[in-house]
Amino acid sequence: MVIDWFENVSLASEWQPATADAGPCYRLFVTNGGSASLSGFRLGFSGPARVSDDAELVGGRVVSRLSNYCEIAPESGFVLLPGAVWTIEIRALDYPIRHWTDGAVTGFLILADGSARALPTEPTRLAGSDAVRRKGTMAFPVPEHPPVPVSIIPWPQHVAVSGRRSAPSGLVAVPTSPAAESAATAFAELASRLFPGEGLVRPAHQGGYRVDLVTGDGGKETYAIDFAADHATVTAATETGFLYGLVTIGQILRGARLHLHRFSFPAAGRIEDAPAMGWRGCHLDVARRLYGRHEVEQFLAILAWNKLNVLHWHLSDDEAWRVEIEAYPQLTEKAAWSGHGLPLPPLLGAGPERSGGFYTGDDIRAVVALAARLGIDVVPEVDMPGHCYALLAAVPSLRDPGENGLYHSIQSFPNNCLNPAIEAVYGAVETILGEMLELFPSRYFHVGADEVPDEAWQTSPAARALGARLGASGAAPLQAHFLRRLQAFLTAKGRITGAWEEASHGGGIDRDSCYLVGWRSAATSRELAAAGYSVVVAPGEAYYLDMANAADWHECGAAWAGFSSPEATYRFEPTAGWSAAEKRHLRGVQACIWSEPMTDRAVFDRLVFPRLSAIAETGWSHHRDYARFAALAGLMPNLYGCHEQAGDD
């Protein structure tokens, strides 16, 4: 029998907020539950929280750190005896731990021979509290007397239905045109993905309620439904309009079937519907955590059920690169993976094992094709010139060899920006974008442009020379120069450039062929519109779905932008105070899912749902009402099927 001396070693952690007598403290506890003494090791751990460069430690010393990954060694000669606990006190983090998901998610011991052993790691607890940690989609029970007779999210423009008939067993679409036939097929696929086994779609000989799909006038996403006792008619001009009409009937049917005494299925009347905004998006960060192709496809189905029409796919960041590029195979050989001993260490709770991954061209083509069938435009993002640590780790030749200084991003990644003064950077970027444009047919391509440190490129001789030629100083004008070259390339390819709000800095980019996403605050979106930019509103304090639902420490999520309950997200007015001229520059709204705190599936479901539906209703509905929304939100699907729970599992 082989004895593993590390089998019963574990990691726990505790956050002690500041008190009147002492500052805040983060404690790590490595417990030796085995029968042998341990020595000659160090601890590696990661989670969203970051140990500060100047942190005071008691019980250990930092030997390596990159962003949220840290290695701590005990004092020389330290021996962890059987039954003993090695306690480490960290007196400074980059920001306080405000929620339980901020702490260490994964820990492992690194042995003298360089090998690593993963440790069972408990979620961080709050000192002095026995309250349980919350995760899973927040419960929204259907009230005994809902304020509306039918269940629909987002709420249509005009609803005038009457009568009541028994809820049908399922629906059978009867198309009368190729577009209608495609929509019927897409709806059947959507129903089978979201509600397998419910029989939402079934043939007439098995009791399917007939839904005639008839071509009429209207916009791309508009539709009308006329109800009769034995059938309904959806009138639309496009495949997407037919699909949205079927989604509305499907939602009505599910509500009437699941809550037959609270919701009805109409026997007469009419629904007329059209969106309030053209851009109703959701950003998904797959760089911080990889979601497999099946998960992305399932998420697309949820977007379609909410009548959201844009997936902003965040495919690169400091932590990883996620797209297969034939010209640069090292991007997926090196930058798509993290682990102990690799160029990218375990970040954001990854374990010591090699983990991560990427999407092949075939994966992307399949996702884009499904999205098109569901009326969703997939907008890719490669974040540049900042947030490129992983890319530069894989292709170091793109750095300025004369740059000898050090700067750090706000997430504590060193020298993570593509250099606008290096001509080889443009050749590489245009090659990468050229391959990606073949995969993504969208009119839009998002190039990032956020969070470039003010200190970037200050010690680069090439960047200083470029700044002198431009007659400019600082990072912002250099970034603007970089972005204008990228925009010219994309414009020549027939694409519109998307970027975060910082693309307006340093002189900005051409307003006629771009859109910008306002994220820092509600005010910055208005400022962009006033400056003449086409704006997608996505402020962190309301539409960033990685932010916690409440200030309570036992909620999951991040807190740098505050918190936003489902009600606060719903009630947020994206154009409050805007002038009529500014509103003409509104493109729409967008939820943003950043994946740093998504430590498990139940955390994802709690953070994203039902706030995603709240934003969907803001983008679609002309008549919003939170009481109505709250009565219906519990019928909307989530991604992983994790419902509200309080506990430590």
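Me: Contact here means heavy atoms within 4.5 Å. With that in hand, which residues is serine 177 in contact with, leaving aside its neighbours within four places in sequence?

Reply: Happy to start there, with the reminder that this is a predicted model. Serine 177 is in contact with Thr215 and Phe242, once neighbours within four places in sequence are set aside. Serine 177 itself sits in the loop between S15 and H1.

Me: Why does serine 177 count as buried?

Reply: The cut-off for buried is under 20% relative accessible area. Serine 177 comes out at 17% relative accessibility, so it counts as buried.

Me: Which residues of H1 are buried, and what do they pack against?

Reply: The buried ones are Ala180, Ala183, Ala184, Ala186, Phe187, Leu190, Ala191 and Leu194. They pack against strands S15 (170–175) and S16 (208–215), and against helices H2 (239–258), H3 (293–305) and H5.

Me: H5 again! Where else does H5 turn up?

Reply: In the lining of the second largest pocket, to which H5 gives the most, with 3 residues. That pocket holds about 440 Å³ of space. Of its 19 lining residues, the closest to the centre are Lys220, Asn309, Gly375, Ile376 and Asp377. By type, the lining divides into 9 nonpolar, 5 polar and 5 charged residues.

Me: Asp377 makes me think of histidine 312. What separates the two C-alpha atoms?

Reply: The separation is 8.4 Å, although histidine 312 and aspartate 377 are 65 residues apart along the chain. Histidine 312 belongs to strand S21 (residues 310–314).

Me: Is histidine 312 buried or exposed, and why?

Reply: Its relative accessible area is 0%, and buried means under 20%, so histidine 312 is buried. Beyond four places in sequence, it touches Cys282, His283, Leu284, Val379, Glu381, His446, Trp500 and Gln590.

Me: What makes the pairing of the histidine 312 and glutamine 590 side chains a polar contact?

Reply: A polar contact needs a pair of N or O atoms within 3.5 Å, one able to donate a hydrogen and the other to accept it. The side chains of histidine 312 and glutamine 590 are paired at 3.1 Å, so the distance falls within the limit.

Me: What makes the backbone at serine 67 and alanine 449 worth a look?

Reply: Most residues other than glycine have a negative phi. Serine 67, however, has a positive phi of about 55 degrees, and alanine 449 has a positive one near 80 degrees. Serine 67 lies in the loop between S6 (61–66) and S7 (69–73), while alanine 449 is in the loop between S27 (444–448) and H8 (461–470).

Me: Which residues does a cis peptide bond join?

Reply: One joins isoleucine 153 and proline 154, with omega about -5 degrees. Another joins methionine 384 and proline 385, also with omega about -5 degrees. Most peptide bonds are trans. Proline 385 lies in the loop between S26 and H6 (389–394).

Notes. Residues are numbered from 1 along each chain as its sequence is written. This is a predicted model: local features need pLDDT of at least 70, side-chain atom pairs count only at pLDDT 80 or more; totals for chains, interfaces and linings use all residues. Side-chain values use heavy atoms; hydrogens and water are left out. On a 1 Å grid over the protein atoms alone, a cavity is a set of points where a 1.4 Å probe fits but cannot get out, and a pocket is an open set with protein on both sides within 12 Å along at least five of seven lines; lining residues have an atom within 4 Å of a point. Grid points are joined across faces, edges and corners, and a volume is the space filled by probe spheres set on the points. Helices (H or I, at least four residues) and strands (E, at least two) are DSSP runs, numbered from the N terminus. Ala, Val, Leu, Ile, Met, Phe, Trp, Tyr, Cys and Pro count as nonpolar, Asp, Glu, Lys and Arg as charged, and the others, Gly among them, as polar. Buried means under 20% relative accessible area, exposed over 50%, partly exposed in between (1.4 Å probe, protein chains only).
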